[in-house]
Amino acid sequence: LAKIRAGALQGLNKVVLGQTATILLRPLLLGLLLLGFFALTGRITPQAAMALNAVTAACALAAGFILLKKNAPAEAPTQLAKESRQWLRSTIPLSLTEGIRVVQAQLTILLLGLFAASAEVGWFRVAASTTTALVAPMVVINLVVAPLISRLHAEGDRARLQTMLTHAAQAQFAGVLVLALPLLVAGEPILAFIFGDEYVPAAGPLRLLLTVQLFSAALGLNTQLLNMTRHERRVTRAMAIALGLNVVAVVALAPNWGMYGAAAAYVISMAAWNLLSWRDARRLVGIETSLVPVRRSH
């Protein structure tokens with residue numbers, strides 16, 4: 001519900017303000033509450049952490065409601081949107097896509113637990129969590145660019161849309177590369193410093209996961225372009241195929257290669273998802289989403 005309000009603010013061109021409640025306020029408040037709870041009790045239980053997380057989610061929802069109410073147009077629309085049924089139908093594949101995204105992020109770890117020692121599962125989890133933190137530039141750029149994609153597509157301004165997506169791909173690739181490069185070069189000492197010497201083996205899988213994230217960043221905002229141009233079913237299809245490949249590859253590779261096999265399986269699934277979405281964006285929308293500049297014909 002908080003993200004719905006954030007999305008509404010994005011649609012009103014309040015991109016930064018729209019993320020205040022969910023991306024800034026919620027984690028900041030959770031950190032302060034956890035720190036205060038630890039100062040008072042000397043320990044933090046999982047139950048207490050989850051309870052505080054629920055409290056911060058409610059606070060984010062309240063803040064989003066207030067921000068949207070203050071920034072909503074003063075005048076009500078003169079007529080109801082004629083395409084509300086189409087929007088409602090679009091929520092089904094969009095919801096499936098988000099569900100698959102969540103499942104895919106955790107499924108590799110769960111399946112690895114069936115074939116590898118618990119230590120390898122822990123190392124892979126550290127690698128996956130670190131990778132998630134390092135792709136923050138992709139998340140930020142997606143939030144900013146998504147409403148602009150919808151507007152430029154609706155206006156039929158293909159030239160500006162193409163230019164924007166090329167620059168967005170270049171920016172997110174550069175951002176991820178800057179953050180990932182130290183871990184690609186010196187992952188072992190960095191992980192030892194942050195997590196301890198026992199987590200040094202996570203450096204190998206981490207390099208594989210970072211490599212495929214760089215590949216994804218280079219292919220640009222293909223899924224966002226498809227979603228914002230009413231090709232959301234193609235995104236769901238690509239992610240479902242990627243999820244299937246992930247399951248098959250983990251089962252095939254993890255028994256012999258452990259966390260490296262799981263990392264390879266994730267690389268295969270992520271590469272397949274992005275390649276399929278990139279191809280669909282070119283074929284269905286006629287836009288090149290990768291960081292390669294498109295030459296305009298005069």
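**Helix geometry and packing**

Modeller: Helix 3 has a kink of about 30° at Arg26, shortly before the proline Pro27; the bend is the angle between axes fitted to the seven residues ending there and the seven starting there. Helices are DSSP runs (H or I, at least four residues), numbered from the N terminus. The model is predicted, with local features needing pLDDT of at least 70 and side-chain atom pairs pLDDT 80 or more, while totals for chains, interfaces and linings use all residues. Residues are numbered from 1 along each chain as its sequence is written, and side-chain values use heavy atoms, leaving out hydrogens and water.

Biologist: Which residues in helix 3 are buried?

Modeller: Ala21, Thr22 and Leu30, where buried is under 20% relative accessible area (1.4 Å probe, protein chains only).

Biologist: Switching topic: at what angle do helix 7 and helix 8 pack?

Modeller: About 175°, axes 10 Å apart; axes are lines fitted to C-alpha atoms over the stretch in contact, and angles run from 0 to 180 degrees between N-to-C directions. Helix 7 and helix 8 are therefore roughly antiparallel (over 145 degrees).

Biologist: How about helix 9 and helix 11, what's their angle?

Modeller: Helix 9 (203-218) and helix 11 (232-285) sit at about 5°, with axes 9 Å apart, so they're roughly parallel (under 35 degrees).

Methods
Helices (H or I, at least four residues) and strands (E, at least two) are DSSP runs, numbered from the N terminus. Buried means under 20% relative accessible area, exposed over 50%, partly exposed in between (1.4 Å probe, protein chains only). Angles under 35 degrees count as roughly parallel, over 145 as roughly antiparallel, 65 to 115 as roughly perpendicular and the rest as oblique.
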